[in-house]
Amino acid sequence: MDIRRSDLPLLISLDALLEERNVTRAAKRLNISQPALSTQLGRLRDLFNDPLLVPSQAGRGMAPTDRALAIQSRLHQRSEERRVGKEC
């Protein structure tokens, strides 16, 4: 996996997607369009070589893959550290 500084916005989007588990809600939270976030999810899938989020068996929303779950807490922690750093 090759993550560059330019990929930081993608990781912020992934954090929102993993928290919301819904592309439309995550896009609204990030203040971007749903198609734009879907495109970012495609790039993230390529970057991690994993689907990351798949349709939920319950029929609504998305379910994270094992790989997504493995990175979720660390990713969220880093996103929060970055957000708090910007507020100071």
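Author: Buried means under 20% relative accessible area, exposed means over 50%, and partly exposed lies in between. The model here is predicted.

Reader: R29 has 39% relative accessibility, so is it buried, exposed or partly exposed?
Author: Buried would need a value under 20%, and exposed one over 50%. R29 has 39% relative accessibility. That value lies in between, so R29 counts as partly exposed.

Reader: Which residue forms a salt bridge with E19?
Author: A salt bridge needs a side-chain nitrogen of Lys or Arg within 4 Å of a carboxyl oxygen of Asp or Glu. The closest N and O atoms of this pair are 3.2 Å apart. E19 sits in helix 1, and its partner, ten residues apart, is in helix 2. The partner is R29.

Reader: What is the relative accessible area of E19?
Author: E19 counts as partly exposed, so its value must lie between 20% and 50%. The computed value for E19 is 42%.

Reader: Which residues does E20 meet in salt bridges?
Author: E20 is partly exposed, with a relative accessible area of 23%. One N to O distance is 3.5 Å, to a residue with 46% relative accessibility. The other is 3.3 Å. The two partners are R25 and R29.

Reader: Which residues do the salt bridges that share partners join into one network?
Author: The whole structure holds three salt bridges. R29 pairs with E19 and also with E20. E20 pairs with R25 as well. The network is therefore made of E19, E20, R25 and R29.

Reader: Now the core. Which residues of the largest nonpolar core touch the most other members?
Author: Nonpolar side chains tend to be buried together in soluble globular proteins. The largest core here has 19 residues. Those that touch the most other members are L14, L17, L44 and F48.

Reader: Which helix gives the largest share of this core?
Author: Helix 1 (8–20), helix 2 (23–30), helix 3 (34–48) and helix 4 (66–87) each supply at least two residues. The largest share is six residues. It comes from helix 1.

Reader: Which residues does L17 touch, not counting those up to four places away in sequence?
Author: L17 is one of the core residues that touch the most other members. Contact here needs heavy atoms within 4.5 Å. L17 touches N22, V23, A26, L37, L41, L44 and L53.

Key: Residues are numbered from 1 along each chain as its sequence is written. This is a predicted model: local features need pLDDT of at least 70, side-chain atom pairs count only at pLDDT 80 or more; totals for chains, interfaces and linings use all residues. Side-chain values use heavy atoms; hydrogens and water are left out. A nonpolar core is a set of buried Ala, Val, Leu, Ile, Met, Phe, Trp, Tyr and Cys residues joined through side-chain atoms within 4.5 Å. Buried means under 20% relative accessible area, exposed over 50%, partly exposed in between (1.4 Å probe, protein chains only). Helices (H or I, at least four residues) and strands (E, at least two) are DSSP runs, numbered from the N terminus.
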